[in-house]
Structure formats: structure tokens, C-alpha cells
Amino acid sequence: MSWLLILLIGLPAAAGAALAVAGTKADRFAAVLSVVVSALVLGAASAAAAVRPSLAAPFLAGSEFGLGVDALSALLLPAVAGVAFLVLLYAAASGLGPQARFHGLMLIFIASVLVTVTATSLSALLFAWEIMGAASYALIGFHWRESRRVSSGLTAFVATRTADLGLYVAAGAVMAAGVWSADGMSLAGLDSLPGPWRDIAAGGILVAALGKAAQLPFSFWLSRAMDGPSSVSALLHSAAMVAMGGYLLLRVQPLLAATGWAADAAAWAGAATAVVLGVIAVGQQDLKQLLAASTAAQLGFVVMAAGVGDAAGGAAHLMAHAATKSALFLAAGAWLAALGTKNMPALRGAGRRWPLLGASFTLAALSLAGIPPLSLWATKDNILTAAREHSLPLYVAGLAGAVLAAAYAARAVALIWKPVLPETASGYDTEETGSRKVTGWQQAPIGVLAAGAAVSGLLVLGVTGDIVRGMLGGRAQSSLLELAISGVLAVAVLVPVWVLGGKLPPLPGVLSWLHMERAAHIVLVRPVLAAAGSLARFDDAVLSRGVERAADKVLQGARGLDRTDAVLDHGTEAAAAATSRLAGRSAITDLSIDSAVSSLARTVRRAGAAARRPQTGQLHHYYVQAAVVIVVAAVLLIVVR
């Protein structure tokens with residue numbers, strides 16, 4: 001059944017590539033093709049989850065390109081494909097243009113996510129990880145004529161790429177451990193690495209996953225990613241890219257547990273993110289910024305689950321969060337398109353204006369708040385139960401994150417149902433010109449996702465919960481007392497926030513996400529730029545000067561050859577007077593030396609010109625050059641083997 005995996009990944013990849021290069025002439029049918037392809041992908045994902053195919057193909061010397069569906073990926077595949085289908089359906093109804101480029105990039109991105117979910121080898125994971133990062137950069141900066149959006153895409157790309165280096169460190173640790181064999185790069189076997197190499201691999205994967213999942217200290221990039229289209233936010237930051245960071249840690253949970261320290265580091269990183277980003281979400285005035293901060297906070301619970309060994313709870317929370325957050329992001333996008341703003345005070349009364357959309361948003365937001373019996377209430381408590389068994393302080397930190405979730409979700413819900421004030425309309429059309437309408441085709445996917453947000457908690461409750469825990473080896477189900485305590489706390493926060501109409505005291509620094517991006521510039525960007533400046537000066541003072549001096553030496557040699565040539569000419573003339581035969585030979589020698597000198601000079605000039613061409617100063621040019629070098633190296637490895 002390996003053909004099913006090829007269809008699952010090859011179909012969106014081929015259709016996406018075709019649309020991306022087709023240009024505007026494909027705009028008229030791009031949306032329809034995208035929706036049809038995503039529907040077929042959903043069917044293939046459901047079938048793959050049932051039959052669990054696998055595929056292994058030669059890729060690099062000693063490493064296979066391994067794909068497969070196991071218990072964990074069987075749960076996630078239909079969820080990812082389902083959210084992708086509904087998001088693309090919404091995008092088709094919204095008419096975001098240029099259609100071909102947008103839907104092409106989205107399908108390429110979806111294909112890379114599907115490879116990530118099904119990857120069984122580190123080499124396959126690295127391949128998909130790279131494409132996913134590049135596609136996300138293009139999607140966040142989709143409106144490339146606006147410099148702010150391009151800058152935001154670049155910020156997100158550089159931040160996640162910095163963390164992604166951890167995957168290369170992990171691959172290097174596997175190679176250094178001497179297990180570079182057909183199955184040596186298997187993700188399932190990383191926990192069997194020898195001592196120090198196992199720790200290095202765990203550290204590298206942990207850093208890469210925390211960066212992708214927007215966990216501390218990498219969370220700031222998610223704020224800038226909100227400059228992308230709302231459909232992009234709904235997919236990338238619910239079921240796809242950000243979720244893949246948490247998914248990776250669930251996938252390598254045995255490796256984290258084998259080291260001991262990596263599991264604790266993941267658990268506390270998740271708990272800290274749930275609290276800190278929860279505080280940031282509470283103080284936001286922009287709805288998409290609130291949802292972005294809450295995404296990082298909720299992914300903190302998934303990371304915490306990986307740290308405490310609750311794979312079932314983490315997977316269930318990941319799926320429930322995907323439905324919840326994609327519904328919320330799409331609703332925010334619909335209001336942005338209709339009212340021209342995502343500023344929360346200007347969205348006052350938006351739920352009354354479009355009751356069905358408001359009801360869907362409310363259902364998803366109450367799930368986010370942890371209100372019983374909705375999904376995130378149950379899935380979050382399952383993780384908190386495992387955290388309590390692991391460490392009481394960790395449980396308290398997770399509970400604090402849950403309380404903050406109730407506060408920021410209740411704040412958004414309260415505002416959209418409050419009566420419109422006379423001054424509310426003055427906030428319309430501040431970001432774009434609103435259409436003042438939301439179509440039924442836009443609302444339908446949001447309603448389906450909101451329904452998923454309501455019922456996904458069954459993944460950890462009752463018979464279904466027992467089946468999922470049996471598949472993934474999760475911890476015991478939360479007790480009724482624990483569920484009741486969490487539910488009561490959420491309601492206790494929701495009611496006063498509702499009464500206050502969503503008005504909460506301002507918190508210093510939260511609008512700028514506690515200046516995390518500025519801190520990253522100080523800690524990372526400035527040192528890198530300083531190092532780059534030093535290397536540039538070294539290039540000018542040493543390398544370039546060496547080339548110039550070498551060129552001078554070549555010129556001096558050429559002049560010496562010219563003088564020798566003149567001497568030979570003089571000797572040739574004297575010899576010619578004695579014999580015509582010697583004169584002929586001298587002429588041949590003269591021509592040979594002239595030709596050699598001219599050829600050498602031309603070669604030096606061409607080499608100098610060629611050496612300058614790659615030095616454009618453009619990051620994407622260097623990125624392409626690096627990609628070409630990697631491809632050539634891969635081909636050499638295959639051939640030499």
C-alpha cells in the first residue's frame with residue numbers, strides 16, 4: 001500500500017508546484033483545483049490512517065527516505081488534512097488573490113507537513129522541515145509589495161531557521177555515534193544512541209521543536225507571523241507548522257525520557273510558555289495577536305505532555321487545539337475582511353451583527369477557555385493529571401496557564417457580544433477596506449471546525465479515551481475531582497471577565513510581547529551581524545588582498561615572459577639571417593608564447609569575474625547556492641557509494 005503514501009504526498013505537491021509556476025493564467029481555476037485536491041488528500045489520509053502503509057526509498061548514502069503511518073500519525077493525519085481542506089474552502093470563498101500563487105504555496109506547504117507527520121527517518125524529516133520553513137516564509141510574506149509583511153516573514157523564517165540548526169546537530173550526533181546505516185537515522189531508534197551522542201541529539205531536536213512550536217525563548221516570531229493572510233494563520237498556526245514542533249517532541253518522547261534531563265526541560269519549557277504567553281495574550285488589543293499568543297501558550301501543554309510522557313494526552317490536545325484555533329483564526333479573518341479591522345474594541349458587537357459566525361467563534365473560544373464539557377477542558381486536564389504525577393510545582397504552573405486561558409478567551413467572547421457603541425464604527429476600515437458582508441461559504445467551514453472544538457475532548461474521555469491511551473501508552477484518565485476543579489476555575493474566571501465586558505487592567509510590556517524580539521536582536525542578531533562584519537573585513541583585508549596580490553604576481557610574470565619573448569625575438573632575427581629553417585622554428589615559438597600569455601590573462605580575468613558574481617549580498621542568493629551545494633553533495637554521496 002505504499003502507493004497510498006505516494007498519492008497522499010505527491011498529489012498536493014504536484015498540484016501545488018503546477019499552480020505556483022502557472023502564473024495568473026491559472027487564477028480562474030486555482031481555488032477549485034485546490035479544494036478538490038485537498039478533499040482527495042483528506043480521503044487518502046483517512047485511508048492511510050486505517051491501513052497504515054509504509055515506504056522506504058534510497059536517499060543518502062546509509063540513510064533511507066522513510067515514511068510510514070503508526071498509531072500517532074494515524075491520529076494526526078486525518079486531523080491535519082481535515083483542517084487543511086476546511087481552511088482552503090474558506091480561502092476559496094474569500095477570494096484571496098493572486099489565487100494560483102496562494103493556493104499553490106498552500107498545497108506545497110500541506111505536502112511538506114504530511115511528510116513531516118509520516119517521516120520515520122531523520123533524513124526525511126529534515127527534508128520536509130526545510131520545505132515547510134521555506135513555504136511558511138513565502139506564505140507569511142505573501143503580500144510581498146508591503147515591506148512590513150515581507151519583513152515579518154523574514155523574521156519568522158530566520159527565528160525558526162536558527163532553531164532548526166538543532167536538527168542538523170542531531171543528525172551529526174547520529175553520524176558521529178557510528179550508527180550511519182540503513183536504519184541508523186530512524187526516529188524510533190534515537191533513544192538507543194550511546195551516552196553523550198544521545199544527549200546531543202536530544203538537545204538538538206528539543207531546540208528545533210521549541211523553535212517551530214513558538215515556545216520560549218523563540219515565541220516572538222509568532223507575533224510577526226500574524227502579518228500573513230488569515231487563512232495562512234489558520235493553517236500554519238493551528239494544525240500545521242507550529243503544531244509540528246509539539247508533534248516532533250511527542251514522536252521522540254522515548255529519546256527525551258532516555259536522557260532524563262531533556263524530558264524535564266521540555267516539560268518546564270512548555271509550562272513556562274503556557275504562563276508567560278498566557279499573560280501576553282490577556283493584554284492584547286489585536287484579536288489575531290491574542291490568538292497568536294494563545295497558540296504558543298496552548299502548544300505549551302503539548303510540549304509539557306511530551307516531557308511527562310503523556311503521548312495520548314498531547315496528541316489529543318494537539319488535535320482539539322487545531323480545530324479550536326483554526327475556527328478562531330478564520331472568524332477573525334472574516335471580521336477583518338468585513339469590517340476592515342481586527343482591533344478588539346472595534347469588533348465590539350460583531351457577534352450580534354453575524355450571529356452564526358458569533359456563535360461559532362463563541363463555541364471555539366469557550367473550548368479554548370476550558371469550559372466544560374468542551375474539548376480543551378478535557379484534553380488539558382489529562383495533561384495536568386500526568387504533570388501532577390510527575391511534579392506538583394509543574395502541575396501548579398500548568399493550572400496557572402489554564403486559568404490565564406480562561407481569561408483571554410473570555411475577554412474576546414465578551415467583546416464581540418457587547419452592544420455596539422456610537423464610536424465603534426470609527427475603528428472600521430483602519431487596516432483594509434471592509435466589505436461589510438460575510439458569506440455563507442465563509443461561515444460553513446468555521447461552523448464545522450467549531451463543532452470539532454466541541455467534541456474533540458472525547459479523545460481522552462470514556463471508551464474512546466481508553467482506546468487512544470491503549471494505542472499511544474498515555475497516562476490514566478483525569479479523575480472527576482480534577483476535571484471539576486479545572487472547570488470551576490475556568491467558570492470562575494469567565495464570569496467576572498464577562499461582567500467587566502472584557503476590560504482588564506493594562507499590563508506593561510505585553511503589547512510588544514515583553515520585547516522578546518528586541519532581546520533576540522541583542523542576543524543573537526547583533527552578534528551575528530558583528531561576526532559577519534568581521535568576516536567581511538577579513539575578506540577585504542586578507543582574501544581579496546591575496547587575490548589582488550596574486551593577480552599582481554601574474555602580471556609580473558606576464559611582463560617577464562614578454563621580456564623573454566623580446567629576447568627570443570631578437571635571437572630569432574639573428575638566427576633568421578643565418579638560416580630560414582631556424583627562423584621558422586623561432587616564429588612558432590614566438591606565437592606559442594604569445595598565445596600562452598594571452599590565454600593565461602583571459603583565464604585570470606574570467607575567474608575574477610566569476611568569483612564576484614555569487615557575492616551579491618542577497619540572503620536568498622546565498623540560500624540557493626547552499627541548496628545547490630547540498631544537492632551536489634548528495635549526488636556525490638550516492639555516486640561514490
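In helix α16, residues L356, L357, S360, L363, A364 and S367 meet Q443, I446, G447, A450, A451, A453 and A454 of helix α19, a contact being heavy atoms within 4.5 Å. Helices here are DSSP runs of H or I with at least four residues, strands are runs of E with at least two, and both are numbered from the N terminus. By class, the contact of α16 with α19 has nine nonpolar, four polar and no charged residues. Ala, Val, Leu, Ile, Met, Phe, Trp, Tyr, Cys and Pro count as nonpolar, Asp, Glu, Lys and Arg as charged, and the others, Gly among them, as polar.

The model is predicted: local features need pLDDT of at least 70 and side-chain atom pairs count only at pLDDT 80 or more, while totals for chains, interfaces and linings use all residues. Residues are numbered from 1 along each chain as its sequence is written, and side-chain values use heavy atoms, with hydrogens and water left out.

Helix α16 spans residues 355-369 and helix α19 residues 440-455; their axes lie 9 Å apart at an angle of about 30°. Axes are lines fitted to C-alpha atoms, for helices over the stretch in contact, and angles between N-to-C directions run from 0 to 180 degrees. The angle therefore makes α16 roughly parallel to α19 (under 35 degrees; over 145 is roughly antiparallel). Their crossing is left-handed, in that the near helix is turned anticlockwise from the far one by less than a right angle.

Helix α1 (residues 2-22) packs against helix α2 (residues 27-51) at an angle of about 165°, with the axes 8 Å apart. The two are therefore roughly antiparallel, and the crossing of α1 and α2 is left-handed. On the α1 side the contact is made by L4, L8, L11, P12, A15 and L19, and on the α2 side by residues including F29, L33, V37, L40 and A44. This contact has 17 nonpolar residues, with no polar and no charged ones.

Helix α10 (residues 241-251) is mostly covered, with eleven of its eleven residues buried, where buried means under 20% relative accessible area (1.4 Å probe, protein chains only). Among them are M241, Y247 and R251.

Over the protein chain, the secondary structure comes to 24 helices and two strands. Buried residues make up 51% of the 641 residues. The chain exposes about 26500 Å², with carbon and sulfur atoms supplying 69% of it; accessible areas come from the Shrake-Rupley method with a 1.4 Å probe.

Methods:
Angles under 35 degrees count as roughly parallel, over 145 as roughly antiparallel, 65 to 115 as roughly perpendicular and the rest as oblique. Buried means under 20% relative accessible area, exposed over 50%, partly exposed in between (1.4 Å probe, protein chains only).
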